[in-house]
Amino acid sequence: MSPAGSGALVLVATPIGNLGDLSARATQELSTAGIIACEDTRRTGRLLSLAGIGRRPLLRLDDHTETARAAEVVARIERGERVVLVSDAGMPAISDPGERLVHAVAAAGLAIEVVPGPSAVVTALAGSGLPTRRFCFEGFLPRRPGERAARLAALADEPRTMVFYESPHRLAATLTDLAAAFGADRPVVVARELTKLHEQWWRGPAAAAAAWATEESPRGELVIVAEGAPPAPQLTAADLEVAVAAGLARGGSVKEVAAEVAAANGVSRREVYALAVRLAGAARRPAGAPVEVSGEDGHR
Ligand code: SAM
C-alpha cells in the first residue's frame, strides 16, 4: 500500500452478482476516494447506494473515453489524490476498461494498488473441477463465426485448462465450434449466473454441452471452461527406430541423423546416437557378424 496522503490509482473489484461479495476494504476505498472512475455512472451510483456509501464524485471511464481520461487521472494522482477505478462488475481491466489507464499510470511512475475480489474467470475456474494448476484466460472469442472457429482451431492442442467469457446469444454456436475443434469428448464446464440466485454448473463432454445449449438456450451471464488437450502419445522405441532408419536411408551420417531425430522428438542425442550406430552397422554387416558397441565419440 502507498504511504498515507500520497496519490495512487486503486483498482477495486466489485460483486459479479452478489452484493455480499463487496469486501470491507472495497467499501472503505469507495467511501474515501477523491474520485471514482467507472464504466457507467448510473450502475456505480446504484452500487454505492446499495452499499450504504451514498454519493461520491464519479468520472466516466469506458472503452471510448479511457485513453482521453488517462491524462486527467495521472494529473490527479500527481496532486496526491487516490483515484479508485471500478468496472460494472468484477475486476477492472479484466475484459473491462482499465488496462490502458493502468499502463499510463505505471508509465508515469505513480503508485497502483489493487483491492482484490470477485472475478468471473477465477470463480468459474475454481469451481469447474477441471485441472487448475495451469490455465489460460481467452476472454471473449471473436464474434464472427469464421474468426471464432479459427481461434478455437489454433487452441485445439493447448494443454492448459482454458477459460472463455461468452454471451448467451452465442453460447450454442461457440460450443458447437468448440466441439468441432477440440473433439466431441473434450470435458467442458459452463458456469452460469455465478454468485446469483440461479447459479448453475453444467458439466460434460463438449458435444453434449453444445446439444444442451442448443436445446435449452440458457440465459444470463456465462463462462465456458474447457479442459486442455491430452498429452501427445509417447514416442515408442519402434517409432524412434523408424525415424532413424529413414534418416540413414536418406543418406544422412550417423551423427547428423542422431542430432536431427533427437531434436525433433525431444529425446537425448546420446540415446539416438547409439541406436543410429547400431542400425548403420546392421545395414553394413553381413548377416550373423558380431555387433560392435561404441560411445558417441567413437571410443569404448
Ligand atoms: N471484469 C469482469 C470480471 O472480472 O469477471 C468481467 C467483465 S466482462 C465484460 C463480462 C463477462 O464476464 C460476462 O459476459 C460473462 O462471460 C462473465 N461474467 C460476469 N459475471 C458473471 C457471472 N455472475 N456469472 C457468469 N459469468 C459472468
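## Basis

The model is predicted, so local features need pLDDT of at least 70 and side-chain atom pairs count only at pLDDT 80 or more, while totals for chains, interfaces and linings use all residues. Residues are numbered from 1 along each chain as its sequence is written, and side-chain values use heavy atoms, without hydrogens and water.

## The parallel sheet

Five strands in the order β3-β2-β4-β1-β5 make an open sheet with parallel pairing. Strands (E, at least two residues) and helices (H or I, at least four) are DSSP runs numbered from the N terminus; two strands pair if DSSP finds at least two bridges between them. The edges are β3 (58-60) and β5 (112-115), each with a single partner strand, so one side of each has no neighbour in the sheet. Neighbouring strands are turned by 25° against each other on average, direction ignored. Axes are lines fitted to C-alpha atoms, for helices over the stretch in contact, and angles run from 0 to 180 degrees between N-to-C directions.

L9 stands opposite V83, L11 has L85 as its bridge partner, and I36 stands opposite V84. R82 and V84 point one way from β4, V83 and L85 the other way, and all are buried (under 20% relative accessible area; exposed is over 50%, partly exposed in between; 1.4 Å probe, protein chains only).

Helix α2 (residues 41-50) lies across β2 and β3, at about 150° to β3. Helix α3 (residues 66-78) touches β1, β2, β3 and β4, and its direction also makes about 150° with that of β3. Contact means heavy atoms within 4.5 Å.

## The mixed sheet

A further open sheet has five strands in the order β6-β7-β10-β8-β9, with mixed pairing. Because β6 (135-140) and β9 (200-205) each have a single partner strand, one side of each is left without a neighbour in the sheet. The twist averages 15° from one strand to the next.

Strands β7 (residues 161-166) and β10 (residues 222-226) are antiparallel over five bridges; Y165 has V223 as its bridge partner. Helix α7 (residues 171-182) lies across β7, β8 (187-192) and β10, at about 5° to β10.

## The largest nonpolar core

A nonpolar core is a set of buried Ala, Val, Leu, Ile, Met, Phe, Trp, Tyr and Cys residues joined through side-chain atoms within 4.5 Å. The largest has 23 residues, of which F164, L171, L175, L178, F182, V188 and V190 touch the most other members. At least two residues each come from β7, α7, β8, α8 (206-216) and β10.
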